[in-house]
Amino acid sequence: QVRLVESGGGLVQAGGSLRLTCTASGSAFVKLSTMGWYRQAPGKQRELVAEMTRDGTANYADFGKGRFTVSRDIAKNTLFLEMNRLEPEDTASYFCKVPRGTFMSIDYWGQGTQVTVSS
């Protein structure tokens, strides 16, 4: 059973920065899996923000390119999301995910961390 715990959210002014952290536990196979960040704003669908494969390949949503950077510490089973030049439109709950795949039989989600960007 994989457990994902996010941290680092908060209230920030537009133009500011935040760094989110997701720590995984419960399975040695997380190291072999993709990990990703998703977000969901009120009344909207959950959407991909950024993800990173086990070999370090990163994939970003268009809105995050040039502003967000995803990274991971494989040894510590930790995923990071550095967010710069934040905009009010970035306000959402941010969730960590380990998707179903070769080593995971289901999707695993964290409980989320709230990011609020004031104008």
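The model you are looking at is predicted.

**Stop 1: R67 and its partner.** The side chains of R67 and D90 meet in a salt bridge, 2.7 Å from N to O. Now trace the chain between them. R67 sits in the loop between β6 (58-60) and β7, while D90 sits in the loop between β8 and β9. The pair links distant parts of the chain, 23 residues apart.

**Stop 2: the network.** Which residues are linked with R67 and D90 in a network of salt bridges? Select R39 and E47; these two complete the network. R39 and E47 form a salt bridge through their side chains, with 2.9 Å from N to O. Colour the two by accessibility. R39 counts as buried at 8%, whereas E47 is partly exposed at 32%. Side chains of opposite charge can pair when their charged atoms come close.

**Stop 3: the open sheet.** Switch to a cartoon view. Find the 4 strands that form an open sheet, in the order β1-β3-β8-β7. Their pairing is antiparallel. At the edges are β1 (3-7) and β7 (68-73), each pairing on one side only. From one strand to the next, the twist averages 15°.

Stop 4: Zoom in on β1 and show its side chains. In a regular strand the side chains alternate between the two faces of the sheet. Which residues of β1 are on the covered face, and which on the uncovered one? L4 and E6 are on the covered face; R3, V5 and S7 are on the uncovered one. Next, show the neighbour, β3. β1 and β3 pair in the antiparallel sense over 5 bridges. Select L4 again and look across: its bridge partner in β3 is A24.

**Stop 5: from β3 to β8.** Strand β3 (residues 18-25) is joined to strand β8 (residues 78-83) by 6 bridges, and the two run antiparallel. Select R19 and E82. E82 in β8 is the bridge partner of R19. These residues also form a salt bridge, with the closest N and O atoms 3.7 Å apart. What does this pair tie together? With E82 in strand β8 and R19 in strand β3, the pair ties together parts that are 63 residues apart in sequence. Both ends are partly exposed: E82 has a relative accessible area of 31%, and R19 is at 46%.

Stop 6: C22 and C96 form a disulfide, with their sulfur atoms 2.1 Å apart. The structure holds 1 disulfide. Turn the view to look along the S-S bond: the angle about this bond is -80°, and the link is left-handed. Is the pair buried or exposed? C22 is buried, at 0% relative accessible area, and C96 is also buried at 0%.

**Stop 7: out to the surface.** Finish with a surface view and select F29, L32 and F103. They form a nonpolar patch with about 250 Å² of accessible area together. Pick out L32, in the loop between β3 and β4 (35-40). L32 counts as partly exposed, at 34% relative accessibility.

How values were computed:
Residues are numbered from 1 along each chain as its sequence is written. This is a predicted model: local features need pLDDT of at least 70, side-chain atom pairs count only at pLDDT 80 or more; totals for chains, interfaces and linings use all residues. Side-chain values use heavy atoms; hydrogens and water are left out. Two strands pair if DSSP finds at least two bridges between them. Axes are lines fitted to C-alpha atoms, for helices over the stretch in contact, and angles run from 0 to 180 degrees between N-to-C directions. Buried means under 20% relative accessible area, exposed over 50%, partly exposed in between (1.4 Å probe, protein chains only). A disulfide is a pair of cysteine sulfur atoms within 2.5 Å. Patches are made of residues with over 30% relative accessible area and no salt bridge: like charges are joined within 9 Å, nonpolar side chains (Val, Leu, Ile, Met, Phe, Trp, Tyr) within 5 Å. Accessible areas come from the Shrake-Rupley method with a 1.4 Å probe; for residues, only the protein chains shown count as cover. A salt bridge is a side-chain nitrogen of Lys or Arg within 4 Å of a carboxyl oxygen of Asp or Glu.
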